[in-house]
Amino acid sequence: MAYRTVNPYTEETIREFPEHTDAEVEAALAKADALFHSDWSRGGREQRLAVLARLADLITENRDVLANTMAEEMGKPLFQGQMEADLCAGIARYYAEKADDILKPQPVASDVGEGWIEYHPVGVLLAVEPWNFPIYQLIRVVAPAIAVGNPVIYKHAGIVPQCAALFADLVRQANAPEGAVTNLYISAAKVAELIGDDRIQGVALTGSEGAGSKVGARAGEMLKKSTLELGGSDVFVVLDDADLAKAVESGIFARLGNAGQICTGAKRFIVQRGIAEAFTQAFVGAMQGAAMGDPKDAKTLLGPLASRDGLEGLSHQVEEAVSHGATVLTGGKRADRTGFFYEPTVLTNLTPDNPAFYQEFFGPVALLFVADDDDAIVALANDSQFGLGGTIFSADIARARALASRIETGMVFINTPTTSRPELPFGGVKRSGYGRELGDVGIKEFANRKLVVVANA
């Protein structure tokens, strides 16, 4: 496959990168495996956590460089890229400061005797990561791996090769030893081959259902632990007692942030009937007024989609939805301008016999539904193959909490859009994948939770 930077705002090819050769891949894997068998991985954490602390500083120092590179490679507006960099620095610092406490031995009561759980590295990890958050997706795997002592080899998406190289360079600048974190430009076939190598002991993927199915199957075939964070069709519930202005403002960013290319982006807006007319009018108006343009312009909210393929796929989805009876309240087509832009779009009148009802729309397209009561909201929310995130807006927190507990998803946020923080475990259920990243849960996914017991005298 080609690794190529195509600026989605200008549609111009900026740079191409050759794939790594088989010999280069083997050398990288050998170095990573040798590091795993060294004191770097097996010894104390102090040196590894110092790398994470330094990496946090470097990400902050290179905040604008990272944001500009993201804007150039996948169209993320600058302020959103800066937000991503800030979050990444926070993740590195979180594990630098908290890993010792999180990974301390945990006592286990037993009639056999004194017992405890120790946390040890398992080996080299292979990460397969997407383009939509090109630094954040990497740090989610790399930071906890460094803390635990697992070397990481990663294959990034083909359209963000500069981000992939930039991140690896920052890790090197943070004084990580050779083999700790390695960027490889490789094909899907080479990924499958690597999963079969005995030196790889875990696989983490964030991406499409198709890629997740293949990687998960291959990992299972080779008896390797895997985590998958796949698609989502998250609900954004607005109850009739919600703060309308806040719900609309939050809903706009939750749908148009990153040009709608967020796994946990708000995609299905379920509005209670009593507030539906007012919300629809305000939401459609705000979508129409969203500032679309150059991602390097500070005023831009909505940048281009990341690729021509993404634009064409989204266009086809909307056309198919309309052909099956959906109504377009605004947008519904590619923007008439250079760049991979799609108009902010709101679709309604979607029924379960419309393919769009169960699809994920990875772009600035909102599906709008109206429901009468809490039971109807839950039934509609759960009528999905996905279960990643979700949002509920209501002035009645007890009611919102009860609803949150009934929605089948990995995360629910009340009165704020779905978001990410270093301490919050991230992941889903159903076809949204399995496993968790971040927090005290994510760092233990690829740790050997070793039981030690000393028998009673």
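Author: Let us begin with the lining of the largest pocket, to which strand E1 (3-7), helix H8 (188-195), strand E8 (200-206), helix H9 (209-221) and helix H12 (308-323) each supply at least two residues. Please keep in mind throughout that this is a predicted model.

Reader: How many residues line the largest pocket, and which of them lie nearest its centre?

Author: The lining is made up of 43 residues, and those nearest the centre of the largest pocket are Pro130, Trp131, Ala157, Gly207 and Ser208. The volume of this pocket is about 1,300 Å³, and its lining residues divide into 20 nonpolar, 13 polar and 10 charged.

Reader: What volume does the second largest pocket have, and which helices each supply at least two residues of its lining?

Author: The second largest pocket holds about 720 Å³ of space. It is lined by 29 residues, with Met83, Phe253, Thr418, Thr419 and Ser420 closest to its centre. Helix H5 (78-102), helix H6 (136-148) and helix H10 (244-256) each supply at least two residues of that lining, which by residue type consists of 11 nonpolar, 12 polar and six charged.

Reader: I also want to understand cavities, so how many of 30 Å³ or more does the structure hold?

Author: A cavity differs from a pocket because a probe that fits inside a cavity cannot get out, whereas a pocket is open. In this structure there are three cavities of 30 Å³ or more, and the largest cavity contains about 120 Å³ of space. Among the 16 residues that line this largest cavity, Leu125, Val141, Pro144, Gly442 and Phe446 are the closest to its centre.

Reader: Which element gives the largest share of the lining of the largest cavity, and how do the lining residues divide by type?

Author: Helix H6 gives the largest share, with five residues, and the lining of the largest cavity as a whole divides into nine nonpolar, three polar and four charged residues.

How values were computed:
Residues numbered from 1 in each chain as written. Predicted model: local features only at pLDDT ≥ 70, side-chain atom pairs only at ≥ 80, totals over all residues. Heavy atoms only, no water. 1 Å grid on protein atoms, 1.4 Å probe; cavity = no way out; pocket = protein on both sides within 12 Å on 5 of 7 lines; lining within 4 Å. Points joined across faces, edges and corners; volume = space filled by probe spheres on them. Helix = DSSP H or I, 4+ residues; strand = E, 2+ residues; numbered from the N terminus. Nonpolar A, V, L, I, M, F, W, Y, C, P; charged D, E, K, R; others polar.
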